[in-house]
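Let's take a walk through this protein together, one stop at a time. Have a look at the sequence and the fold first.

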Amino acid sequence: MGEQIQVIVIDDDPMVRTAVRMIMATAPDIEVVGDAGEGRAGLDLVRAHRPDVVLCDIRMPHMDGLAILAELQATGDTTPVIMLTTFNTDDYVVRAFQLGAKGFLLKDADPRDMVQAVRDVRAGRPALSAGAVETLIGTVHAAPARDDRARALVDTLTDREREVAVLLASGASNADIAREAHMALATVKANMSRIFTKLGVDNRVSAAMLVRDAGLA
């Protein structure tokens with residue numbers, strides 16, 4: 001096993017912080033090195049520990065998750081941040097995405113998904129729960145317009161890739177896509193990689209938005 005992934009948790013709810021610590025404790029490759037109940041203290045921890053991943057509540061009094069992202073961005077700190085949220089539709093999610101958040105998870109996400117999200121973000125991959133993908137797509141594209149550029153990009157996909165892309169745009173997880181499309185999980189991931197390359201994107205949300213703009217979802 002390689003080095004442990006060091007995580008800091010920032011959330012004003014002590015029960016959430018405790019729950020996240022318990023979830024991360026089930027993963028032998030992840031260690032929570034600190035937690036904070038408010039944003040400024042959380043930033044101090046990030047600067048002191050230089051963690052691999054930060055799990056941060058998007059809404060907190062005084063200094064919220066957006067302010068934390070903005071300050072990290074302003075100081076050139078590239079520590080990847082996964083935003084935690086309890087709601088399904090909120091402009092905060094879109095703003096956080098624009099500020100460089102690397103992942104979004106609903107707080108009631110399956111603990112296994114939360115652990116995997118930390119691993120994915122540490123490996124440089126975005127981590128977006130199905131619920132969070134749906135939130136972002138729904139907020140940004142409440143009435144999606146068909147777009148010629150998006151349609152042209154989507155037209156480069158094979159029939160199988162297009163099938164996967166449409167399921168992705170519906171908010172389906174890789175496991176959901178594997179089940180719906182009757183393919184192995186490894187095949188889904190391979191298709192996803194090709195889809196990202198052909199569409200010129202690097203995350204599920206951007207891919208889903210293009211598919212929707214093309215009028216396929």
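**A buried glutamate**

Glu161 has a relative accessibility of 2%, and because anything under 20% counts as buried, this residue is buried. Keep in mind as we go that this is a predicted model.

So where does Glu161 sit? You'll find Glu161 in helix H8, which covers residues 159–169. Its side chain reaches the backbone nitrogen of Thr158, at 3.0 Å. And which residues does Glu161 touch, once you leave aside its neighbours within four places in sequence? Those contacts are Thr156, Asn191, Arg194, Ile195 and Lys198.

Next stop, a helix. Helix H11 runs over residues 204–213, and nine of its 10 residues are buried, so the rest of the structure largely encloses this helix. If you'd like to pick them out, the buried ones are Arg204, Val205, Ser206, Ala207, Ala208, Met209, Leu210, Val211 and Asp213. Following H11 comes Gly215, and its phi is positive, near 85°.

Now for some empty space. Rolling a probe the size of a water molecule over the atoms is a way to show where such space is left. The second largest pocket holds about 240 Å³. Its lining is made up of 14 residues, and those nearest the pocket's centre are Ala101, Lys102, Pro126, Asp202 and Asn203. What classes of residue make up the lining of this second largest pocket? There are seven nonpolar residues, four polar ones and three charged ones.

How values were computed:
Residues numbered from 1 in each chain as written. Predicted model: local features only at pLDDT ≥ 70, side-chain atom pairs only at ≥ 80, totals over all residues. Heavy atoms only, no water. Helix = DSSP H or I, 4+ residues; strand = E, 2+ residues; numbered from the N terminus. Buried < 20%, exposed > 50% of the residue type's maximum accessible area, 1.4 Å probe, protein only. Polar contact = N/O pair within 3.5 Å; in protein donor to acceptor, adjacent residues only side chain to side chain. Contact = heavy atoms within 4.5 Å. 1 Å grid on protein atoms, 1.4 Å probe; cavity = no way out; pocket = protein on both sides within 12 Å on 5 of 7 lines; lining within 4 Å. Points joined across faces, edges and corners; volume = space filled by probe spheres on them. Nonpolar A, V, L, I, M, F, W, Y, C, P; charged D, E, K, R; others polar.
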